[in-house]
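User: I would like to go through the terms used for this model and see what each of them rests on. Please set the values against the cut-offs as we go.

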Amino acid sequence: MQRSLNTFPISSGIRSKLTSNGYNIAEDLKNVDPVELTKEIGITLEEASTILDLIAPQTDNKSISLLDLLKDENHSRQIITFSQKLDEMLGGGIPLSKITEIAGPPGIGKTQFCLQLSVDVQIPREFAGLGEQVVYIDTEGTFTFERLKDIANATIHHCHSISRSLSAVNNFTVSSILENIHYFRCIDHIQLIATINLLPDHIKANPKIRLIIIDNIALPFRIQFEGKVNARTRILSELGQTLTQLATEYKLAVVITNQMSTNFESEGRSSLIPALGETWGHTCTLRLILSWQGNQRFATLNKSPFKQESTVQFQIIVNGKKIIYKM
């Protein structure tokens, strides 16, 4: 796109900063992210996001036949969880090329679920797994090494118990599982945005990555954007587009955990809904809501393009040092 920045409704002060840093046409900003632009020309993150939204160039949109699209959907793989009820409810497991959101209150088991998935994506192909790698982005600091090892040991033990051949599980070890988890700790929204924007290069360098986990998406934005709903919505929309593109282009699954928020209704009634608003809710293809009913845990498939809403009960069972999901 060769359109001059002078033709866009940008303030003269910001336009001057852009041109003095070598940004003269829309094409110059094609691969620039908001954080980078903020630091380079000295404007706020909100201003940078607004500018990039305004001049975002149109990418080449190649057509695909509906037959090819149908074949692609039919042959898309899932990340099995080894929980029969959950896999059935999801249509075979966590789907690749899609974004799945797991929402629920504190202590319900969202991080546990993510740790389990970071192991499940590595289950060998002999057991209908993918045998691939995972990117784990931790915004809460709740990633627990010991708990991950317990889950890994439990999964390895399960594979051994159903294996007819030792060679099928010889390379599926705790060490190999830990080696195949690419861990990132992000303490605020700026680090989170920067990490996500660097993922394309990281995935190209590590092509076996088939799962991206973000635990938790809400925390950086609920604390640091209090009273700034429009700015938060804009940045989350950009993140959602980036994650959707990653899922589609690299045929990987994106799993995001979210907190619950109180929705005040008429006549003084209220209900709990996933946080970050309706716009963010459109980002995910599937939404799984974990909830309590008394002292029992339930998982509800709240949103899916190919399965009806349904609910299954689950437990987190502590068996010695092994912590596993049972549904």
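Predicted model: local features only at pLDDT ≥ 70, side-chain atom pairs only at ≥ 80, totals over all residues.

User: Why is Arg 185 called partly exposed?

Analyst: Arg 185, which is found in strand β5 (residues 181-185), has a relative accessible area of 38%. Buried means under 20% and exposed over 50%, so a value of 38% is called partly exposed.

User: What makes the approach of the Arg 185 side chain to the backbone oxygen of Asp 138 a polar contact?

Analyst: The side chain of Arg 185 reaches that oxygen of Asp 138 at 3.3 Å, and it also reaches the backbone oxygen of Thr 139, at 3.1 Å. A polar contact is a pair of N or O atoms within 3.5 Å, one able to donate a hydrogen and the other to accept it, so the distance of 3.3 Å to Asp 138 meets the cut-off, as does the 3.1 Å to Thr 139. Leaving aside residues up to four places away in sequence, Arg 185 touches Asp 138 and Thr 139, and also Glu 140, Gly 141 and Gln 191.

User: Which residues of helix α1 are buried, and how do you know that they are on the same side of α1?

Analyst: In helix α1 (residues 12-20) the buried residues are Ile 14, Arg 15 and Leu 18. They cover an arc of only 100° around the axis, and therefore they are on the same side of α1. Ser 12 and Ser 20 are exposed on the other side, whereas the cover over the buried residues includes α2 (34-41) and α3 (45-55).

Methods
Residues numbered from 1 in each chain as written. Heavy atoms only, no water. Buried < 20%, exposed > 50% of the residue type's maximum accessible area, 1.4 Å probe, protein only. Helix = DSSP H or I, 4+ residues; strand = E, 2+ residues; numbered from the N terminus. Arc of directions from axis to C-beta. Contact = heavy atoms within 4.5 Å.
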